[in-house]
Amino acid sequence: MTVYFEDIKVGDSAEYAKTITEADILMFAAVSGDDNPVHINQEYAETTPFQTRIAHGMLTASLISTVVGTRLPGNGTIYLSQSTRFKAPVRIGQTVTARATVVEIFPDKKRVKLATQCLVQGKVILDGESLVIAPSRGE
């Protein structure tokens with residue numbers, strides 16, 4: 001899906017939801033090289049304040065990339081920056097809803113600023129902001 005720059009309006013929003021599985025965490029650890037035991041070792045994780053394994057923060061944040069790259073603006077979008085604040089962990093079996101909402105449009109360079117969030121059961125567990133170049137019909 002693609003929402004072209006010319007059709008984007010402040011307030012436009014899109015979401016993507018995914019239930020985080022053990023396989024997701026293990027594959028992310030393998031791809032990223034981040035084998036922190038809080039993610040992959042239950043015995044270790046039980047000794048942490050979380051008391052169980054949690055998903056990588058960047059795995060959660062990557063769901064924002066899914067929204068931006070496949071829904072709003074979608075195919076052809078180029079990421080310029082992403083700020084992220086982690087507010088709570090994600091546990092195996094929880095469903096994360098990533099949301100991006102257009103907050104500002106820069107017509108001269110076809111750039112779009114998006115407020116970004118990830119939520120679990122309606123609670124914000126991550127928030128931030130993305131700046132992207134949206135695909136255009138004129139290019």
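Mentor: Helices (H or I, at least four residues) and strands (E, at least two) are DSSP runs, numbered from the N terminus. Please keep in mind throughout that this is a predicted model.

Trainee: Is Arg-53 buried or exposed?

Mentor: The cut-off matters here: buried means under 20% relative accessible area, and exposed means over 50%. Arg-53 has a relative accessible area of 9%, and therefore counts as buried.

Trainee: With which residue does the side chain of Arg-53 make a polar contact?

Mentor: The partner is Glu-22, and the contact between the two side chains is 3.0 Å. Beyond four places in sequence, the residues in contact with Arg-53 include Ile-25, Leu-26, Val-38, His-39, Arg-91 and Ile-92.

Trainee: Which residues of H4 are buried, and what covers them?

Mentor: The buried residues in H4 are Leu-59, Thr-60, Ala-61, Leu-63, Ile-64, Val-67 and Val-68. Their cover includes helix H1 (22-32) and the strands E1, E2, E3, E4 and E5.

Trainee: In what order do the strands stand in the sheet?

Mentor: Strands of a sheet pair through backbone hydrogen bonds, either parallel or antiparallel. In this model, five strands form an open sheet in the order E1-E3-E4-E5-E2, and the pairing is antiparallel. Strand E1 (13-19) and strand E2 (78-86) stand at the edges; each has a single partner strand, so one side of each is left without a neighbour in the sheet. On average, neighbouring strands of this sheet are turned by 20 degrees against each other, direction ignored.

Trainee: How many bridges join E4 to E5, and how many join E2 to E5?

Mentor: Ten bridges join E4 to strand E5 (residues 123-133) in the antiparallel sense, and Lys-113 stands opposite Leu-131 in E5. Between E2 and E5, also antiparallel, there are eight bridges; there, Ile-78 has Ile-133 as its bridge partner in E5. Strand E3 (residues 95-106) and strand E4 (residues 111-120) likewise run antiparallel, over ten bridges.

Trainee: What lies at the turns of the two hairpins?

Mentor: The hairpin of E3 and E4 has four residues between the strands, and Lys-110 takes a positive phi near 55 degrees there. In the hairpin of E4 and E5, with two residues between the strands, Gln-121 takes a positive phi near 50 degrees.

Trainee: Which residues does Thr-97 touch, leaving aside its neighbours within four places in sequence?

Mentor: Thr-97 lies in strand E3, and its bridge partner in E4 is Leu-119. Its contacts are Glu-15, Tyr-16, Ala-17, Gln-117, Cys-118 and Leu-119.

Trainee: How many salt bridges does the model contain?

Mentor: A salt bridge requires a side-chain nitrogen of Lys or Arg within 4 Å of a carboxyl oxygen of Asp or Glu. By this rule the count is eight. One of them joins Asp-12 and Lys-9, whose closest N and O atoms are 3.5 Å apart. Asp-12 is buried, at 18% relative accessible area, whereas Lys-9 is exposed, at 52%.

Trainee: Which residues are linked in a network of salt bridges?

Mentor: Arg-85, Lys-87 and Asp-127 form such a network. Asp-127 meets Arg-85 at 3.0 Å, N to O; this pair links distant parts of the chain, with Asp-127 in strand E5 and Arg-85 in strand E2, 42 residues apart. Asp-127 is buried, with a relative accessible area of 16%, while Arg-85 is partly exposed at 45%. Asp-127 also meets Lys-87 at 4.0 Å, N to O; Lys-87 is in the loop between E2 and E3, 40 residues from Asp-127.

Conventions. Residues are numbered from 1 along each chain as its sequence is written. This is a predicted model: local features need pLDDT of at least 70, side-chain atom pairs count only at pLDDT 80 or more; totals for chains, interfaces and linings use all residues. Side-chain values use heavy atoms; hydrogens and water are left out. Two strands pair if DSSP finds at least two bridges between them. Axes are lines fitted to C-alpha atoms, for helices over the stretch in contact, and angles run from 0 to 180 degrees between N-to-C directions. Buried means under 20% relative accessible area, exposed over 50%, partly exposed in between (1.4 Å probe, protein chains only). Contact means heavy atoms within 4.5 Å. A polar contact is a pair of N or O atoms within 3.5 Å; within protein, one must be able to donate a hydrogen and the other to accept it, and residues adjacent in sequence count only if both atoms are side-chain atoms.
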